[in-house]
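Please report on the confidence, aromatic pairs and salt bridges of this model. Keep it brief and give the cut-offs.

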Amino acid sequence: MKGRNLNKKRPSAQEPKRNSKKKFSSNDHDSSFFDGAEQKRRRKFNGDEIIVSSDDDEREFGSEGERVEEEKEEEIEETPAETKKRHAEALLKRLREKEREKEEEDDEMAEDDEERRRQREGERDSLIAKNLQQNQLEDSGRLRRAIASRVQKPETDEGFRVIVKHRQTVTCVALSDDESIGFSASKDGAIVHWDIESGKKEKYNWPSDEVLKSHGVKEPLGKATKHSKHVLALAASSDGRYLASGGLDRHVHLWDVRTREHIRAFPGHKGPVSCLTFRQGTAELFSGSFDRSVKIWNADDRTYISTLFGHQSEVLTIDSLRKERVLTVGRDRTMHLWKVPEESQLVFRAPASSLESCCFISNDEFLSGSDDGSIELWNLLRKKPVHIVKNAHASFSEDKTEQINHEGLSNGHKENDAQDSSRLGSTALSWVNSVAMCRGSDLAASGAGNGSVRLWAIENESKGVRPLFELPMVGFVNSLAIAKSGKFLIAGVGQEHRLGRWGRVAAAKNGVALHPLNLS
């Protein structure tokens, strides 16, 4: 029966009244064309064979308009290589315009001297290429500027100068890429940006709860009835457009630097956001949290990208360079190097202490600080430190500090509890809370609560860390940043540790301190 029905349908498909493929009727081989198409659609009709159609034939029957639209879409879509090329051409154009403006200011070129004009253009392009190559080598860490040997030891009357005051302990500081603006935040939720030269400061105002909810803030979890404004971390984007903040409310907040207004809140972390960093030259934002995870966001698109898992305890510090790699340390005594495109990670384990802070020296070298006052130098070739500076920040005597008095235990052993709290407070002074690098150079700095900020010289090929000198600073140095030019150092200082109240330095001033660095 199936064969008979098929033979009846064949002539009807070729009748002029029911010719659905009218535009092909002018061809001499119409019947063979449709017979061939029908054969492809029907491999075998005997038995229980399934009728299948050819995708190639479906595309052949498509209209010419659809084909033109597809070609247009292919032309509009831009490949990653073409995007990079377009950005590179735009950068070269801007650099050439700057160099041309400088030449016009120095000496106006004669319009009739064509040969001289071509010669100057060639020299300008050579200078631009040299500068770009120099910047690329410095960013990749293959070329290191020798700044540490040029830093002069300050005179006795020189020291840190407090440029911004906060009511409570400063937890974090950040610098803009052009070194003109600084940012700081404290435990009371105050976020301030200030001019490096004039010291003029402007405060970021938190919006109302209704506005925060419209920007993506979720309801507080647990027993909390309102969102905490306690800020633990700050990060500024390379283009100077965005400032990111994070704290006890478990959200990552995005601010517009130009207007100082709240843009967006990123929920998702299940614990306090303890650290933040922008990847250099991009709007890609990384956040570390007490929930043991690292999340990736895009500030331009206001979107969440992915989550990185691997730490077994709270993530304390995070850092990144231009390459898609992230460096983190946690309370699990490990440091993780995350290779984001490869979706892999390298784990480095501290020998005997817990790591408190970390930063990139280059793509292959890292610096870390520990809770026993040590500084460690690492590289990709070894899972253990290649060099350790022990007692880099030894705690000073307890009589200079004021310890917090805790209530006794339920069993009445107040004496034991008092001894434990005193010992813990004294030990907390030697925790290396922050380490920082002058990007693309061999100059490093570290800070703790023992009364000083120390400067270091990182030797080439991971040979070691050489001490330079100390800069007196009373209080917990919770955050450090060195200008890329090497001309100054800023420190976020407070009476307490940024993550808790293990000890207290009553003589300290809560604020941001600046120390100029004299280069020879």
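The report below covers confidence, then rings, then charges.

This is a predicted model, in which local features need pLDDT of at least 70, side-chain atom pairs count only at pLDDT 80 or more, and totals for chains, interfaces and linings use all residues. Residues are numbered from 1 along each chain as its sequence is written, and side-chain values use heavy atoms, with hydrogens and water left out.

**Confidence.** pLDDT is the predictor's confidence in each residue, from 0 to 100. The chain averages 78, and 72% of the residues score at least 70. Helices (H or I, at least four residues) and strands (E, at least two) are DSSP runs, numbered from the N terminus. Among these elements, helix α1 (residues 2-13) has the lowest mean pLDDT, 43. Strand β11 (residues 284-289) has the highest, 97. Residues 1-64 stay under 50. The model gives that stretch 38 contacts beyond four places in sequence, a contact being heavy atoms within 4.5 Å. Where pLDDT is low, the predicted coordinates should not be read in detail.

**Rings.** The structure holds eight aromatic pairs. Rings of Phe, Tyr and Trp (its six-membered ring) pair if their centres lie within 6.5 Å; planes under 30 degrees apart count as stacked, over 60 as edge-to-face and the rest as tilted. Tyrosine 204 and tryptophan 255 pair edge-to-face, at 5.6 Å centre to centre and 90 degrees between the planes. They sit 51 residues apart, in strands β5 (residues 201-204) and β8 (residues 252-256) respectively. Buried means under 20% relative accessible area, exposed over 50%, partly exposed in between (1.4 Å probe, protein chains only). Tyrosine 204 is buried at 1%, and tryptophan 255 is buried at 0%. Elsewhere, ring pairs link Phe348, Phe360, Phe366 and Trp378 into a cluster.

**Charges.** The structure holds 14 salt bridges, each a side-chain nitrogen of Lys or Arg within 4 Å of a carboxyl oxygen of Asp or Glu. Three of them are tabulated.

| Pair | Closest N to O |
|---|---|
| Arginine 501 and glutamate 496 | 3.0 Å |
| Arginine 241 and aspartate 239 | 3.9 Å |

Glutamate 496 lies in the loop between β27 (488-494) and β28 (511-516), and lysine 187 in the loop between β3 (181-186) and β4 (191-195), so their bridge ties together parts 309 residues apart in sequence. Glutamate 496 is buried at 8%, as is lysine 187 at 11%. Arginine 501 is exposed at 52%. Salt bridges link Lys187, Glu496, Arg501 and Arg504 in a network. Arginine 241 is partly exposed at 32%, and aspartate 239 is partly exposed at 46%.
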